[in-house]
Amino acid sequence: MDINSINIKTESHIVTPESFDVGSAVGVDKRYWFIAIVKNNTEKSAAQKLHKAGYDCFVATQKDVRVWRTGRRVSVDRVVITSAVFIYCTECERRIVVNEPYISRFLTNKAAASTVGGRPVATIPEVQIRNLRFMLGHSDTPVGLVDRTYGRGDRVRVIRGSLCGLEGEVLVSNEGNSINIKTESHIVTPESFDVGSAVGVDKRYWFIAIVKNNTEKSAAQKLHKAGYDCFVATQKDVRVWRTGRRVSVDRVVITSAVFIYCTECERRIVVNEPYISRFLTNKAAASTVGGRPVATIPEVQIRNLRFMLGHSDTPVGLVDRTYGRGDRVRVIRGSLCGLEGEVLVSNEGQSELLVRLDILGCAKCAIDLVDVEPIR
């Protein structure tokens with residue numbers, strides 16, 4: 001699954017309705033979605049037997065293409081949630097089904113309080129089942145299951161890989177042993193510094209010089225020649241031409257920006273250079289008589305950014321908006337158009353649409369960030 005992404009979840013808390021428990025549901029005709037646990041690799045055969053017995057059930061599968069060593073491509077139904085068969089029935093019918101030899105048990109709700117008869121049997125709300133089946137049937141990317149989610153603001157440290165040791169804030173959960181994080185990246189102006197009071201102060205700060213698009217590298221070269229410490233946020237990338245030739249290039253990650261380390265006095269000199277348009281100001285700060293203060297970047301953020309650019313095995317991107325846990329979003333285009341959910345964690349570039357199944361984990365699939373909009 002692409003790590004450039006964000007997660008959304010639909011309302012999906014697994015609940016046991018207040019009017020339903022194992023003891024009181026006998027003879028009640030109301031139907032619920034239960035989760036029958038079966039042996040691994042027997043999900044489809046168990047579902048077939050239940051269908052023959054007249055039960056409404058399904059296995060969480062998704063169409064997938066497998067390529068054999070011979071090059072033959074075969075379409076298969078990949079089981080997304082293993083050892084589980086979703087069955088729609090009454091509690092009375094469930095008690096009959098559980099005695100079938102191919103059914104191991106039914107999933108219980110461990111989050112609920114235990115009673116004399118044990119924990120209540122878990123049920124899945126109808127809206128979650130619809131969302132899950134819609135995702136399985138319409139997603140153009142693989143749907144997966146995760147057993148843990150990270151929330152926006154959770155502090156993490158990379159413990160292995162090329163970014164080992166980097167600390168940051170979770171943006172999005174991801175499959176396997178990798179997650180996407182962001183380093184602290186809020187542009188701030190230190191309380192002790194503003195445009196008026198910094199004249200003559202020797203302390204240096206990281207400023208952001210705004211230049212014309214596609215002139216970032218040439219502007220940085222001119223600043224280097226003038227003796228300034230500066231850099232452009234670039235990352236090594238491989239481009240493949242039509243001829244098949246592969247060329248390594250320095251891709252500019254943050255366009256029209258040159259980071260420069262200097263004093264305020266030096267910055268006032270640099271801003272007069274013809275190839276410098278202006279310096280970025282801090283729009284979050286209060287405006288003064290002289291205008292808004294010039295934005296500076298803390299040293300720790302610059303170190304983290306440069307470390308990420310130099311060591312990341314995946315493309316680094318920039319987003320102008322982040323979504324936080326609890327933000328409501330709607331898919332506005334594509335095969336999942338119309339599906340509503342709740343943002344779990346923000347990400348750069350793309351997103352992962354996530355349907356939470358609290359007892360089992362979360363079903364997720366990749367979706368592009370431009371395909372969602374916030375719900376007010």
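The side chain of arginine 251 makes a polar contact with the side chain of glutamine 235, at 2.7 Å; a polar contact here is a pair of N or O atoms within 3.5 Å, where, within protein, one must be able to donate a hydrogen and the other to accept it, and residues adjacent in sequence count only if both atoms are side-chain atoms. The model is predicted, with local features needing pLDDT of at least 70 and side-chain atom pairs counting only at pLDDT 80 or more, while totals for chains, interfaces and linings use all residues. Residues are numbered from 1 along each chain as its sequence is written, and side-chain values use heavy atoms, with hydrogens and water left out.

Back to arginine 251: this residue is found in strand 16, residues 246-252. Strands (E, at least two residues) and helices (H or I, at least four) are DSSP runs, numbered from the N terminus. Leaving aside residues up to four places away in sequence, arginine 251 touches Ala233, Thr234, Gln235, Asp237, Arg239, Pro315 and Val316, where contact means heavy atoms within 4.5 Å.

Next comes strand 2, residues 32-37, and six of its six residues are buried. Buried means under 20% relative accessible area, exposed means over 50%, and partly exposed is in between (1.4 Å probe, protein chains only). Tyr32, Phe34 and Ala36 point one way from the strand, while Trp33, Ile35 and Ile37 point the other way.

Strand 2 has several partners, and two strands pair if DSSP finds at least two bridges between them. With strand 6 (residues 84-89), strand 2 pairs in the antiparallel sense over six bridges; alanine 36 stands opposite valine 85, and isoleucine 35 has phenylalanine 86 as its bridge partner.

What about the inside of the protein? A nonpolar core is a set of buried Ala, Val, Leu, Ile, Met, Phe, Trp, Tyr and Cys residues joined through side-chain atoms within 4.5 Å. The largest one has 19 residues, of which Phe34, Leu50, Val85, Ile87, Val97, Ile103 and Phe106 touch the most other members. Strand 2, helix 1 (43-52) and strand 6 are the elements that give two or more residues to this core. A second, separate core of 18 residues includes Tyr205, Ala209, Leu223 and Phe279.

Threonine 42 sits in the loop between strand 2 and helix 1, and counts as partly exposed because its relative accessibility is 25%. Its C-alpha atom is separated by 9.8 Å from that of isoleucine 103, though the two residues are 61 apart along the chain.

Finally, helix 6 (residues 299-311) has 13 residues and reaches 18 Å from its first C-alpha to its last, close to the 18 Å expected; the expected span is 1.5 Å times one less than the number of residues. Gln301, Ile302, Asn304, Leu305, Met308 and Leu309 are buried in this helix. They lie on the same side of helix 6 because they cover an arc of only 165° around the axis, taken from the directions from the helix axis to the C-beta atoms.
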